Number of protein chains: 2
Amino acid sequence: MSMIVDRRELDFVLFEFLGVERLLGHPRFQAYDRAAIQQMLDVGQKIAEQKFLPIAAEVDANEPVIVDGRIKVPAGVGAALSDYAQAGFFALPFAEDIGGLQAPWFLHTVITGMFSCANTAVSNYAFLTVAAANLLNAFGSDALRQTFLRPMLEGRWFGTMCLSEPQAGSSLGDITTTATEGADGLYRIRGSKMWISGGDQEISENIVHMVLAKIPGGPAGTKGISLFLVPKRRVNPDGTAGASNNIALAGLNHKMGQRGTTNCLLNFGEEGECLGFLIGERHRGIEYMFHMMNEARIGVGHASTMAALGGFLHSAEYARTRTQGRRPDQKNQASPQVPIVEHADIRRMLLAQKAATEGAQALCLYCATLVDELATLENGEGKEWKRSLLGLLTPVVKSWPSEHCLEANKWAIQILGGYGYTRDFPLERFYRDNRLNHIHEGTFGIQGMDLLGRKVAGDRGETLERFAGTMRETVAAALAVERLEPDARQLGDCLDALTQTTRALLACEDPLLRLANATIYLDAFGHIVVGWIWLQQALAAADALARNDLSDADRSFYEGKIVTARYFSRYELPHSITRLALCQSLETTCLDAPVEIFGA
Amino acid sequence: MSMIVDRRELDFVLFEFLGVERLLGHPRFQAYDRAAIQQMLDVGQKIAEQKFLPIAAEVDANEPVIVDGRIKVPAGVGAALSDYAQAGFFALPFAEDIGGLQAPWFLHTVITGMFSCANTAVSNYAFLTVAAANLLNAFGSDALRQTFLRPMLEGRWFGTMCLSEPQAGSSLGDITTTATEGADGLYRIRGSKMWISGGDQEISENIVHMVLAKIPGGPAGTKGISLFLVPKRRVNPDGTAGASNNIALAGLNHKMGQRGTTNCLLNFGEEGECLGFLIGERHRGIEYMFHMMNEARIGVGHASTMAALGGFLHSAEYARTRTQGRRPDQKNQASPQVPIVEHADIRRMLLAQKAATEGAQALCLYCATLVDELATLENGEGKEWKRSLLGLLTPVVKSWPSEHCLEANKWAIQILGGYGYTRDFPLERFYRDNRLNHIHEGTFGIQGMDLLGRKVAGDRGETLERFAGTMRETVAAALAVERLEPDARQLGDCLDALTQTTRALLACEDPLLRLANATIYLDAFGHIVVGWIWLQQALAAADALARNDLSDADRSFYEGKIVTARYFSRYELPHSITRLALCQSLETTCLDAPVEIFGA
């Protein structure tokens, strides 16, 4: 059994739950049918298992170091990424006319997910390159695209996102990196960028940085930010990487997880002219960045989910094979020990992981299909609705896995006992790797403000109300299925609470008060969305179970869906009502807490 | 400000909340008054800050390795433990007539806590030595005590607890290590012991292992287990450590946290005779071990709490000084950034940490005073009641901090953003160190079975009901204080739910069904106990605030207690009612989940 992917589960999610064949009918995706998708998954799984997985522990134990001013990483990293590039995976989601494979975003997500589960630290280099290429492709001039896109899609040049600075992390409006235009139309970049994943390395021939900077004289705050393409090496007339562009590696951050991904402090233009190319128009950098944020945030949520998947697969195998103790009704101490999966509490921890992992994976892939719909739908109300829905779900798809799939990793460790926290198993690495995702691409708190302050309050709750209507349709369908009726009622109660709470929050005029518990609201909303995902999966499973041609394995598979949906509705969903009650009461304890109580 | 202890908080807990002066009146503790306690805390804080704290990061980064068959640890470790020994801290809780300092257990807990916060990996060696000495002192013969106790109390010989084996972790009845009596009355020990913290090292002159083993021919299961003292080196006639006792170091486990504490696989008697001394009577090993379990479990809970304290102190300082972003009502992007403690969600994460850390610390110290009461009370009903109460609270004091103080560490990292997960700050180390505590001294699941199966069902809920009565007295007192009335009502609601749920569980005859959600029950009960702790602290604070001679600092301190009690009652306690409702319904989803749904 694979430890990086559950292909049976993927088949269910893609073809039974999401019905992606509907999308494949579009001319854009004409190269992809179900067989082609399976074939690509086979190729991806093989490279991930043979090249990425075997070096994951080594890469973790030997973090990048600077030797003679150059960054050294374990030898297998370059070879693994080279195989990844050979398979065309850097080019997956891009249009054919620019050298891409024009695959749907959901397929790109699924394939990169296998690599993330196998070795998130190494797969990050590809993730960041695609993110940067995506931005360049959307807003860069033809000239820029011609020069930089192809080597990125071929995996010869990697990409990065340079947003944060030492004094400006979550608050981008306060960046101070400057871009001054020269007579040649190019910009001279000066400033420091912090936390740059993949910010320097010697694996690729060149690095294409997407840099936020301010053109002197522009507006204050985020409105004065522009976006620049800044290569590590300047480009020779023949298109190859040439002389240094004066980006100095000022330091490496040493992290608890994802240790194989370099994380750098970079100084731009400190030792000589650092040239940058303006992308799109001046002062629209934040707008461009936000435009691509949905995909990036799905990516972080999905990476978090994949860490949980790894933990779930390993701990489930361990629970099935490790014998320890007896059940409470076995009094004979001389009887043989039972596999620990026989203990109710071990099953609780497996169900908690299964609920989080499969729920989050289905959510991520659902959001990925929304990206595909936006790429294929004609303009109009239908497309606008999908755009609004994706916007509403983006803070959830980023933050729910970051919180609850990290929790899943905690339970995976717990199932293994002492073995769980040793390096003999990858569980503790998943847990360490995953802790970063709660901060990457916007913290939990930032996502809460985005959901409640921007997405919900921004249209007076309209998108949310319409989405709640969609969820109520699922509730209505499930109420008609006897086995699912209690779960449907539970989700219905949650939706009532969500509607009431949202109304109370929108009626509050004071933004401080309205947003005081935005993170709790986000967490509750996330649970309800995942509860909806589970109820839909249970409906699909109940349908399947009504057939009488199922194999034993398939029967267990669908039974597992119904049991896990029940777990989620009984053990998890009631807590979202508890959380919403707090939000609805406009609780001010945190808002009003005097600063002095936290020390001198 | 110290980063390893909050002395103002300790003063409050010991003298205002617990009223330990009452205990100090007992002849056993006549050497200790408030001034003497402060003096010992001063000494401890100084050694912890000057010798333990500075090497914490180095010890973490350079885990023990085997060089030429001997274990090497960073050089500062031996010196730090030597200073610790010089100050008499190994001897703290032991009677004067055996060379101890005869300090109350609560003082021992407070002092070791500072070392645990400063450097848990190094302080573990002392923790384990005291645990082993405690066991030897309680059940060993005079001859054994004379030979082994003094060098342990002087910190020259360290101790360990050897329970687990590769095939028997939580299920001790299944150990296979044997002890065969020779003509000399000594036992020959043979077998492997796994996960032995401090199992081998070259810091101390000798190691005194407390080993569980089976004498061939005895009863099956736990009833056939006896306890042996097995030294690493045999003892010369002059009392010094002599020849090897044939305990082979078969391997070191590499852990995600507490990395400076060696964790060993030991083979006893593999290469020659390994001699052991029977402690107490045959076949009573488990009984003896359980007798000392209360103290050990308080110790693990307290270590978990101290990791959270470290995270809280660091993240509070960071939140007060780091500027980032603006409040939602500040629209002017050119206005200066605010310290992040101004953001409501940062305060939420600080309050969550403060509630967990200070609540858990007060709980641990309350349980420690119960240990002191058992040591000083005359036999009788009053003493029996304290014994039952301590037994009831032991699974809580072990598991509540392991879960919620780990969660606190998660929020500490979150407050620092990217800095939180780098090694530039100790936050990520606290988080890694703390993850082990959920498994040490019995997992969460084991503690749940202990609480519900043994402690609550064992006396048909009698101790619990009496304890609930004590908690209701606090509720009644707080109902009379206007500011605390909502918090009192909340705790009262929780107690009602606890009583009803417990009755429903006790009425259930099927042990499988009754115990199916024991972990959830434990978690809910733990929340209620900590809620009771907080309500008592709020009452003490309200009393203090009624005085008009308070300094501003004191006023803020007490205000902080009331605000945090409110946080706990509003944000946390309602979830315990949600959890109890699940338990009361005798939910069977986890119990009934078919094994097959977790894979082939």
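Trp195(A) sits in strand S5 of chain A, which covers residues 187-197. That is one stop on a quick tour of this predicted model. Chains A and B meet in a contact that takes 81 residues from each of them, and the largest nonpolar core has 397 residues. Here's what to look for, topic by topic.

- Trp195(A) counts as buried because 24 other C-beta atoms lie within 10 Å.
- Leu586(A) also has a positive phi, near 50°, and again this is a residue other than glycine.
- You'll find Leu586(A) in the loop between helix H18 (552-584) and helix H19 (589-592) of chain A.
- Leu586(A) is partly exposed, with 17 other C-beta atoms within 10 Å.
- For background, most residues other than glycine have a negative phi.

- Take Leu363(B): leaving out residues up to four places away in sequence, it touches Val397(B), Trp400(B), Val529(B), Val530(B) and Ile533(B).
- As a general point, nonpolar side chains in soluble globular proteins tend to be buried together.

**Where the chains meet**

- On the side of chain B that touches chain A, the elements giving two or more residues are H9, H10 (344-376), H11, H12, H13 (444-458), H16 (511-514), H18 (552-584) and H19 (589-592) of chain B.
- H18(B) gives the largest share of that side, twelve residues.
- By class, the side of chain B that touches chain A has 34 nonpolar, 29 polar and 18 charged residues.

**Helix H11 of chain B and its partners**

- H11(B) (residues 381-416) packs against H12(B) (residues 427-435) at an angle of about 160°, with the axes 9 Å apart.
- That angle makes H11(B) roughly antiparallel to H12(B), and H11(B) passes H12(B) in a left-handed crossing.
- On the H11(B) side, the contact is made by Cys405(B), Leu406(B), Asn409(B), Lys410(B), Ala412(B), Ile413(B) and Leu416(B).
- Facing them from H12(B) are Leu427(B), Glu428(B), Phe430(B), Tyr431(B), Asn434(B) and Arg435(B).
- Sorted by class, the residues of the contact of H11(B) with H12(B) are eight nonpolar, two polar and three charged.
- H11(B) also meets H13(B): their axes come within 9 Å and cross at roughly 155°.
- H11(B) and H13(B) are therefore roughly antiparallel to each other, and their crossing is left-handed.
- Gly391(B), Leu392(B), Pro395(B), Lys398(B), Ser399(B), Ser402(B) and Glu403(B) of H11(B) make this contact with Phe444(B), Gln447(B), Asp450(B), Leu451(B) and Lys455(B) of H13(B).
- The residues of the contact of H11(B) with H13(B) split into four nonpolar, four polar and four charged.

**An enclosed helix: H12 of chain B**

- Nine of the nine residues of H12(B) are buried, so the helix is largely enclosed by the rest of the structure.
- Charged names turn up among the buried residues of H12(B), including Glu428(B), Arg429(B), Arg432(B), Asp433(B) and Arg435(B).
- The buried residues of H12(B) pack against H11 (381-416) of chain A, together with H4 (56-61), H6, H9 and H11 of chain B.

**H5 meets H6 in chain B**

- H5(B) (residues 76-86) and H6(B) (residues 105-139) pack at an angle of about 90°, with their axes 10 Å apart.
- That makes H5(B) roughly perpendicular to H6(B).
- Val77(B), Ala80(B), Leu81(B) and Tyr84(B) of H5(B) touch Phe115(B), Val122(B), Tyr125(B) and Ala126(B) of H6(B).
- The contact of H5(B) with H6(B) has eight nonpolar residues, no polar and no charged.

- Arg297(B) lies in helix H9 (residues 293-321) of chain B, and it is buried, with 25 other C-beta atoms within 10 Å.
- Beyond residues up to four places away in sequence, Arg297(B) touches Thr394(B), Val397(B), Lys398(B) and Glu441(B).
- Asp83(A) belongs to helix H5 (residues 76-86) of chain A.
- Asp83(A) counts as partly exposed, with 17 C-beta neighbours inside 10 Å.
- Not counting residues up to four places away in sequence, Asp83(A) touches Ile47(A) and Lys51(A).

Conventions. Residues numbered from 1 in each chain as written. Chains lettered and ligands numbered in written order. Predicted model: local features only at pLDDT ≥ 70, side-chain atom pairs only at ≥ 80, totals over all residues. Core = buried A, V, L, I, M, F, W, Y, C linked by C-beta atoms within 7 Å. Buried ≥ 20, exposed ≤ 12 C-beta atoms within 10 Å, placed from the backbone. Contact = placed C-beta atoms within 7 Å. Helix = DSSP H or I, 4+ residues; strand = E, 2+ residues; numbered from the N terminus. Axes fitted to C-alpha atoms, helices over the stretch in contact; angles between N-to-C directions. Parallel < 35°, antiparallel > 145°, perpendicular 65-115°, else oblique. Left-handed = near helix turned anticlockwise from the far one by under 90°.
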